[in-house]
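Colleague: Let's go through some labels and what backs them.

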Amino acid sequence: MKYCHLPLIVILITFIPSFIIGQNYTFSDFDITQNGTSLVNCMDGGLNSPQISQFDLDGDGIKELIIFDKVGDIFNVYKYNNNSGLYEYWLNPPVVFPNINDLALIRDYDGDGVMDIFGIPTDDIVGFGVWKGRKINDQTVLERVQLNKWYYNVLSYPGNNGRLNVYVTITDIPDIQDIDGDGDLDIFSFNEQGSHMVFYKNNSVEQGYGRDSLLYTLEDICYGKFIEGGLDNTITLSSNPNQCATNFTDTTPLELRHSGSTLLVKDIDKDGIQDILLGDISFNNVVFLRNTGTNVKAYITEQNDLFPDIEDPINLGPFPAIYSLDYGPNHEDCIVATSNIGSLATESILNWRYTYDEDAPGNYRLAEKDFLIKNSLDLGLECSPTIYDIDADGKPDLILGNKFYKDKNNGQYGQLVYLRNTSDGNKLSFTVEDEDFANLKSFGINHYGYKPLFTDIDHNGYIDLLIGTERGTLLHFESSTPIGQPTAFVLKSESYQGIKVPSRAAPAAYDFDHDGDTDLIIGDKNGNFCLFINTGTAKNPIFAPGYQDAPNVYRYGNVTVKEIGDTEGDATPFIMRWKGEDILVSGSYNGQIYAFNGMNGTSTATLSKISLNTESLYSGRQNKPVFGDLNNDGILELIQGNIRGGLNILATDITTSGTISIQGKKSNQKMLLYPIPASAGKRIYFDNRLDLSQLEFISITGKPILKILKSPGQNYLDIPTNTSPGIYILRATFKNRETINSKIIIH
């Protein structure tokens with residue numbers, strides 16, 4: 001056989017069409033050190049109510065943790081590090097997750113070795129939607145399965161009068177596993193009354209379809225033959241393995257019954273029969289129910305209300321949820337108990353991990369109460385970042401406010417956390433310098449919901465710190481040292497000039513009419529902006545206190561960040577320069593980043609929504625975005641806090657003057673591609689010596705077609721088979737965030 005050696009074609013990186021130049025965002029790899037220890041999970045954005053699944057995404061034999069946090073409706077992936085022995089946050093896992101609400105459990109229902117998801121969809125009735133995973137260039141893409149069984153695209157089963165949905169609520173945690181050993185996945189949930197555990201059997205294999213169908217029947221309306229109390233987690237056991245228990249004393253009306261249970265079906269006592277662990281919405285404990293029947297015909301005859309043992313029972317707060325964990329390369333049998341309620345658990349001891357020990361009472365021994373959390377930056381509920389050079393060393397620092405935090409001693413308080421910028425070069429790094437900046441913990445929850453702002457409100461050369469609160473007021477601190485020196489803040493007022501918005505004040509400073517003094521734009525819970533106009537002078541600011549008091553303007557700009565269907569809005573304004581004008585940027589309850597222009601110097605301005613190309617940057621609900629140049633390279637970073645108490649930092653190509661940087665992040669290297677021209681459905685090769693992290697295949701109009709994370713040793717890109725002939729762009733991103741844009745011609 002003869003081989004034709006195709007010449008290497010050098011594509012010059014100067015080819016960058018003007019119409020694909022736009023804002024690009026890349027999640028940054030940054031470091032945070034606390035008490036001398038690197039927080040390897042500092043980029044995970046925090047955890048409040050994690051649902052824990054596992055799957056081996058990269059085929060190395062060790063299952064990654066895939067966590068869906070129901071508070072933020074966000075996925076995180078953690079990969080086991082053999083050197084540290086820890087599960088560490090994976091910044092760019094090779095998977096594209098769908099939009100899901102409240103529940104997401106990772107399974108492989110069809111046995112193809114690719115992860116699938118059972119979850120609650122955002123655009124359908126409450127029920128089990130299913131997303132099937134498929135591999136595209138080593139990346140897992142999840143697509144909604146069209147079930148086509150009845151009116152709704154959720155799992156269903158045949159009832160007496162037509163099909164019914166496999167029941168699940170937004171509060172419960174069901175379990176999904178192959179209980180009868182036939183290879184397809186069965187479902188366990190609770191009934192509508194919350195009293196009976198229900199077994200839905202998958203009949204895919206029995207009907208000759210293999211594992212790839214989802215054909216459910218209601219197999220057992222009282223699995224285990226126990227019932228749970230109407231107002232508590234009291235368990236009544238049956239004396240007959242063929243009959244459900246009864247509780248004649250429970251006359252609680254259906255509408256008053258508690259709603260919320262969590263399930264884990266697992267062989268706790270290692271007798272080969274699956275048992276049940278049960279959590280409840282109003283209680284801190286987990287109940288162990290021992291099954292002495294069979295896996296299919298369960299019969300609960302024993303219970304332990306303080307699982308696993310009276311010495312170290314699960315007791316992390318109301319509504320615990322329990323997940324099975326295959327830990328590390330040795331596949332250690334563990335369980336993790338965490339909160340399913342989201343905001344009431346003690347944040348610093350959120351995840352209790354127990355390891356299997358046959359000599360321990362209850363067979364499981366407590367290993368740690370802060371699994372994953374101890375290596376994360378998590379401020380509890382909410383994180384609102386702002387930027388200021390606190391120590392006057394020329395590097396902008398981060399100051400983070402939260403709503404409140406609950407510590408190991410059950411103390412609750414709002415706080416500010418000071419992250420000192422220790423970056424050297426382009427790699428961002430920070431040190432947790434002060435977890436009680438400005439001594440706000442002393443307020444307890446008399447004040448909380450902190451959203452900080454640094455501004456010299458009275459133009460006296462001493463920086464002020466205005467802090468929005470949950471009640472809609474502003475705390476006022478002023479530094480006793482002049483601007484340019486390390487700050488030392490002193491409390492001036494617990495209600496600056498009596499200013500108040502309806503609730504959740506989020507202040508921004510802006511001289512809207514360019515008269516030389518400082519005005520305020522304050523966002524609120526309703527998603528609106530209030531313009532507080534300074535009627536005094538630059539050095540003697542005077543504000544009318546009420547948001548509806550003249551000359552203040554409520555719903556400034558006639559815009560809102562509250563969308564139809566949102567219960568809240570949570571406007572968090574930030575003013576930035578963009579293409580020669582000032583624009584208003586805001587986070588929102590729904591997690592979108594909004595941007596508005598039209599700030600024309602009048603209080604009656606009508607703002608218009610514009611795009612900063614942030615539509616795909618969802619990092620969780622109640623986000624608080626700010627832009628700043630953290631490494632002094634002239635290019636802005638985007639810092640986002642979220643409801644889960646953590647943050648993300650994204651590299652952008654927006655300059656500090658509000659323009660798009662073409663040169664700032666462009667690589668000086670050249671990229672060799674062959675064959676050129678290329679063909680649809682064929683493979684194009686590049687120089688594997690380049691230290692690349694990501695490849696994007698883009699149409700000439702700027703439309704993304706394919707995005708992959710480069711695997712070690714990979715030196716090719718598969719052109720999609722349905723690619724039309726024409727000119728395309730291959731954007732390669734290096735691990736140092738530099739990029740190359742190369743032209744590709746497809747025959």
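**Labels and cut-offs**

Modeller: Arg290 and Asp269 form a salt bridge, with the closest N and O atoms 2.6 Å apart. The pair links distant parts of the chain, 21 residues apart: Arg290 sits in strand β24 (residues 286–291), Asp269 in the loop between β22 (261–266) and β23 (275–280). Strands here are DSSP runs (E, at least two residues), numbered from the N terminus. This is a predicted model: local features need pLDDT of at least 70, side-chain atom pairs count only at pLDDT 80 or more, and totals for chains, interfaces and linings use all residues. Residues are numbered from 1 along each chain as its sequence is written, and side-chain values use heavy atoms, without hydrogens and water.

Colleague: What makes Arg144 and Asp123 a salt bridge?

Modeller: The rule asks for a side-chain nitrogen of Lys or Arg within 4 Å of a carboxyl oxygen of Asp or Glu. Arg144 and Asp123 meet at 3.3 Å, N to O, so the pair qualifies. By this rule the count comes to 31 salt bridges.

Colleague: Why is Asp123 called exposed?

Modeller: Exposed means over 50% relative accessible area, buried under 20%, partly exposed in between (1.4 Å probe, protein chains only). Asp123 has 61%, so it counts as exposed. Arg144, at 22%, is therefore partly exposed.

Colleague: Why is Gly317 called buried?

Modeller: Its relative accessible area is 8%, so Gly317 is buried. Gly317 lies in the loop between β25 (300–304) and β26 (320–327).

Colleague: What is Gly317 in contact with, leaving aside neighbours within four places in sequence?

Modeller: Phe283 and Asn284. Contact means heavy atoms within 4.5 Å.

Methods. Helix = DSSP H or I, 4+ residues; strand = E, 2+ residues; numbered from the N terminus.
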